[in-house]
Amino acid sequence: MSSEKVHVEHCKGVNGLDKVILREIRGCSAEVYLYGGQVTSWKNELREELLFLSSKAIFKPPKAIRGGVPICFPQFRNIGSLEQHGFARNRVWSVDPDPPPFPSNTSHRAFVDLILRPSEEDVKIWPHSEVRVEGLETLDYLDNLKNRERFTEQGDAITFESEVDKVYLGAPTKIAILDHERKRTFVLRKDGLPDAVVWNPWDKKAKAMADLGDDEYKHMLCVEAACVENPITLKPGEEWRGRQELSAVPSSYCSGQLDPRRALFSG
């Protein structure tokens with residue numbers, strides 16, 4: 001990589017806020033503020049600005065920067081219990097010192113990886129889970145919180161930010177439960193049980209359950225093999241066998257992502 005053509009500069013911006021300037025071989029450039037992890041400028045090879053940034057933008061925390069590419073997380077607008085558009089755009093992000101490998105042939109590209117690390121305050125106002133379930137993507141499921149209405153899973157993985165009580169239909173024989181905090185993956189293997197149940201009561205229901213501690217929902221997750229949609233009926237003399245096997249394997253942790261492929265597709 002030629003430092004004369006591809007350039008990543010860490011410097012100070014408006015009001016002394018840290019920012020990163022990226023310049024590429026063709027003359028394209030971008031400007032990213034660590035405050036909000038926000039792209040505030042993107043110029044093409046003709047040096048033409050492609051993003052809008054208000055001339056009256058206030059670069060002073062906790063006010064969000066008006067314009068550019070803001071990150072609205074973990075909620076959009078006021079749809080939720082947090083501040084407008086969530087807190088990610090009002091926090092100071094950091095540069096990842098050990099980013100994951102970039103796609104091949106990057107000699108002409110300038111890039112930077114940013115990380116937002118949750119503070120104690122963030123965890124209090126948004127108690128999210130460090131666990132995700134993979135292997136159930138794109139499947140239909142029955143939502144027990146909506147009178148068993150049928151939906152299709154849209155996410156790349158199942159994460160937990162509120163109560164979940166779903167029955168996934170036609171689930172694969174292997175499902176991975178990724179524990180980010182402890183850097184391990186539980187692998188569930190099943191036979192004879194076509195469906196899978198995923199359940200966590202979350203805070204309100206946990207407090208209403210006499211046999212569950214108020215905060216124990218943070219330390220448990222129910223993922224189990226099941227046969228729900230089409231009950232198994234046996235004629236006299238017939239046999240049926242169902243099996244569920246759990247195993248725990250170490251997981252590599254890199255920039256917030258766990259890779260369960262080895263666990264899912266081995267064996």
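Keep in mind that the model is predicted.

Let's begin with strand E12, which covers residues 174-179. Six of its six residues are buried, so the strand is mostly covered, given that buried means under 20% relative accessible area. In a regular strand, the side chains alternate between the two faces of the sheet. Now look at E12 with that in mind: Lys174, Ala176 and Leu178 sit on one side, Ile175, Ile177 and Asp179 sit on the other, and all of them are buried. In other words, both faces of E12 are covered.

Who are the strand partners of E12? Strand E7 (residues 131-134) pairs with E12 in the antiparallel sense, over four bridges. Strand E13 (residues 184-191) also runs antiparallel to E12, and six bridges join these two.

Next up are the charges. A search of the whole structure turns up twelve salt bridges. One of them joins Glu134 to Arg132, with the closest N and O atoms 2.9 Å apart. Glu134 counts as buried because its relative accessibility is 13%, while Arg132, at 23%, counts as partly exposed. Another salt bridge joins Lys205 to Glu163, with the closest N and O atoms 2.7 Å apart. This pair links distant parts of the chain: Lys205 belongs to helix H2 (residues 202-208), Glu163 to the loop between strands E10 (158-159) and E11 (164-168), and the two are 42 residues apart. Asp140, Arg150 and Glu229, meanwhile, are linked in a network of salt bridges.

Rings come next. The structure holds four aromatic pairs, and Tyr141, Phe151 and Tyr168 form one aromatic cluster.

Finally, let's head to the surface. Which residues form a nonpolar patch there? They are Ile232, Leu234 and Trp240, with about 280 Å² of accessible area together. To find Ile232, look in the loop between strand E15 (222-226) and strand E16 (243-250). Ile232 counts as partly exposed because its relative accessible area is 40%.

Key: Residues numbered from 1 in each chain as written. Predicted model: local features only at pLDDT ≥ 70, side-chain atom pairs only at ≥ 80, totals over all residues. Heavy atoms only, no water. Phe/Tyr/Trp six-rings, centres within 6.5 Å; stacked < 30°, edge-to-face > 60°. Buried < 20%, exposed > 50% of the residue type's maximum accessible area, 1.4 Å probe, protein only. Pairing = 2+ DSSP bridges. Patch = residues over 30% accessible without salt bridge, like charges linked within 9 Å, V, L, I, M, F, W, Y side chains within 5 Å. Areas by Shrake-Rupley, 256 points an atom, 1.4 Å probe, with all protein chains shown as cover. Salt bridge = Lys/Arg side-chain N within 4 Å of Asp/Glu carboxyl O.
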